[in-house]
Amino acid sequence: MATTVGVVVFPGTNCEHDAVAAVESLGGNATLVFHADTSLEGLDALILPGGFAHGDYLRPGAIARFSPIMESVVSFAAAGGPVVGICNGFQVLCEAHLLPGALQKNRGLSFLCQPTTLRVTSTRSVLTSGAELGQELSIPINHFSGSYTCDVETERQLLDQGRVVLSYVDNPNGSVANIAGIANEAGNVVGLMPHPERATSNLMGSTDGTVLLGSLLSAAGASVSNA
Amino acid sequence: MRFIARVEVRLRPGIADPEGATIERALPAMGFTSVASVSAGRSFRVELDADNLDGARAMATQLADRLLANPVIEESVIEVSPL
């Protein structure tokens, strides 16, 4: 049975169809889940895609955190279900305290839309388990508030516990410790600013995103067989 | 009784403030050469009902902590007065 990934849509989300297409191109099923719903039944993994949830009012992710679906997302994550937040989805996961830290305005106040080179710094997560440690991936970023920030203690913990899963080779936005993506302690919740769904075909200039999303599908499949 | 809470949200000390820094750099070009520093933040005006000033202050503190500010990077200063 093919695994099914739920792609959560908030008002203002705009990368949901890219995420669905990427999952389907890798042989998975994907279905959109509206933020006002509360059921995640039948889903093996979740993607919180990019965009501007609730207009990014107050702070990116600050209002999305209170959408009805988020309580179910928190339970899904607590039960070990794979959850990946991309760009705005990463901001939502931080605001929801599923991941530590916060995303701040980019250093230099520039909106950044460009390919970036990422280094896989830990394979202990649902998004990087199929990658090789030290592997370099070309994946685009597209954000204004992508500068990862946390206190010194959290930074040390993330680094010591292998929870910084992806880092920038040329830090474009001023993120602490060149952090591009982090995981929770169990490795089943991952947030990253770059867009792997936009690097899934040669037409897009890179297929390196398939390494990451392929890992997610494998993890989703594993959680099905455990169920 | 109705109260008004003014909530100022600002970045914690040590957190980079690219917005404040950019404004700070723009001011000398306009002739404001004696500006020492600028930090950027947000301010909210919240009208709320409570039994007394302490209750209003407690409610304002809660809503600032839970929503208006992100405690990871921000802190808030709250002033409450009867409307």
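1. A word on the model and its labels. This is a predicted model, in which local features need pLDDT of at least 70 and side-chain atom pairs count only at pLDDT 80 or more, while totals for chains, interfaces and linings use all residues. Residues are numbered from 1 along each chain as its sequence is written, chains are lettered from A and ligands numbered from 1 in the order in which they are written, and side-chain values use heavy atoms, leaving out hydrogens and water.

2. Back to A:F52: this residue sits in the loop between β3 (45-48) and α2 (69-78) of chain A. Helices (H or I, at least four residues) and strands (E, at least two) are DSSP runs, numbered from the N terminus. A:F52 counts as partly exposed because its relative accessibility is 42%; buried means under 20%, exposed over 50%, and partly exposed in between (1.4 Å probe, protein chains only).

3. The loop between β3 and α2 of chain A also holds A:H54. Its phi is near 50 degrees, a positive value in a residue other than glycine. A:A177 is not a glycine either, yet has a positive phi of about 55 degrees. You will find A:A177 in the loop between β9 (164-168) and β10 (179-183) of chain A.

4. Now for the two chains together: 15 residues of chain A are in contact (heavy atoms within 4.5 Å) with 16 residues of chain B. Between them the chains bury about 1300 Å², 61% of it on carbon and sulfur atoms. A:L58, A:R59 and A:Q104 supply 43% of the area that chain A buries against chain B, more than any other three residues. Buried area here is the accessible area (1.4 Å probe) that two parts lose on being put together, summed over both.

5. Across this interface there are 2 salt bridges, each a side-chain nitrogen of Lys or Arg within 4 Å of a carboxyl oxygen of Asp or Glu. A:R59 forms a salt bridge with B:E74, with the closest N and O atoms 3.7 Å apart.

6. B:E74 belongs to strand β3 (residues 74-82) of chain B. This residue counts as buried because its relative accessibility is 12%.
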